Amino acid sequence: LGAGIGFAMLLLWLVLGTFGYVTLTNLLEDHLEEHAESQARQLALFSADAILVYDYATLERYTKALADEVGIESVMIQRSDGEVLAQAGTIETPSNNSIIKVKQTVHIGEENFANVILTVSRHNMETTLQQLAIAGFAVLLVLIFTVFWAIRQFVERGVIRPVQQLVQAANPLTRDNCPELKDLPDELARLSETFRGLCGEVRAHLIEREHAERVA
């Protein structure tokens, strides 16, 4: 019974865990992308002001400071003709699947003068999800062992011991009388009454037989 419940809980955890993992991944990824877009918009606004006054040194410093933030892989400000105005971080990434890339246009008047290209790593998010999955699995194992122990104790006290007592009491050859067992579950109590009646009949038959043998 405990093994069956444990297996069912494991299957339920796999189903719910998979669903929760996918849902949480999408939520965290959406949040990460929204945060990256917000930072790119702020940099685009700052870049427009810096470009108007030709303050490329400050633009370079601001770009580097943004690229130093945790989770940001690279920041690049590229003019529409392809010239790079400022860049920082790891521009070449090992895998496109490991980053989120956002792009924001820098407007100078009515002209789309440049683009802010910002890439954010999924590594921290994936690490957090893996830690949550490991913690959830550990909690599940503790829960399964706890349930297994509780079921074992319940079955031991509520079924196995009463049945053992019932078996011993139902054997007329092991006792001189047929005791009445107490504190049994309702089903076993009714079965005990039946066995007690049978035990009494067997004891009476044995007594009659011994008496007959003595007379003979």
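Start at the largest pocket, whose volume is about 200 Å³. A pocket here is an open set of points on a 1 Å grid where a 1.4 Å probe fits, with protein on both sides within 12 Å along at least five of seven lines. The model is predicted, so local features need pLDDT of at least 70 and side-chain atom pairs pLDDT 80 or more, while totals for chains, interfaces and linings use all residues. Residues are numbered from 1 along each chain, and side-chain values use heavy atoms, without hydrogens or water.

Select the pocket lining (residues with an atom within 4 Å of a point), including Trp-13, Tyr-21, Leu-129 and Gly-136. Helix H1 (2–52) and helix H3 (123–170) each supply at least two lining residues, and H1 gives the largest share, seven. Helices are DSSP runs of H or I with at least four residues, and strands are runs of E with at least two.

Next, pick out Ile-51, Val-75, Ile-77, Val-106, Val-116 and Leu-118, the residues with the most contacts inside the largest nonpolar core, which has 26 residues. Such a core joins buried nonpolar residues (under 20% relative accessible area) through side-chain atoms within 4.5 Å. H1 again gives the largest share, eight residues.

Finish at Ser-121, in strand S4 (residues 111–121). Ser-121 is buried, with a relative accessible area of 12%. A polar atom of the Ser-121 side chain lies 3.0 Å from the backbone nitrogen of His-123. Ser-121 also touches Leu-32, Gly-71, Glu-73, Ser-98 and Ile-99, not counting residues up to four places away in sequence.

Definitions and conventions: Points joined across faces, edges and corners; volume = space filled by probe spheres on them. Buried < 20%, exposed > 50% of the residue type's maximum accessible area, 1.4 Å probe, protein only. Polar contact = N/O pair within 3.5 Å; in protein donor to acceptor, adjacent residues only side chain to side chain. Contact = heavy atoms within 4.5 Å.
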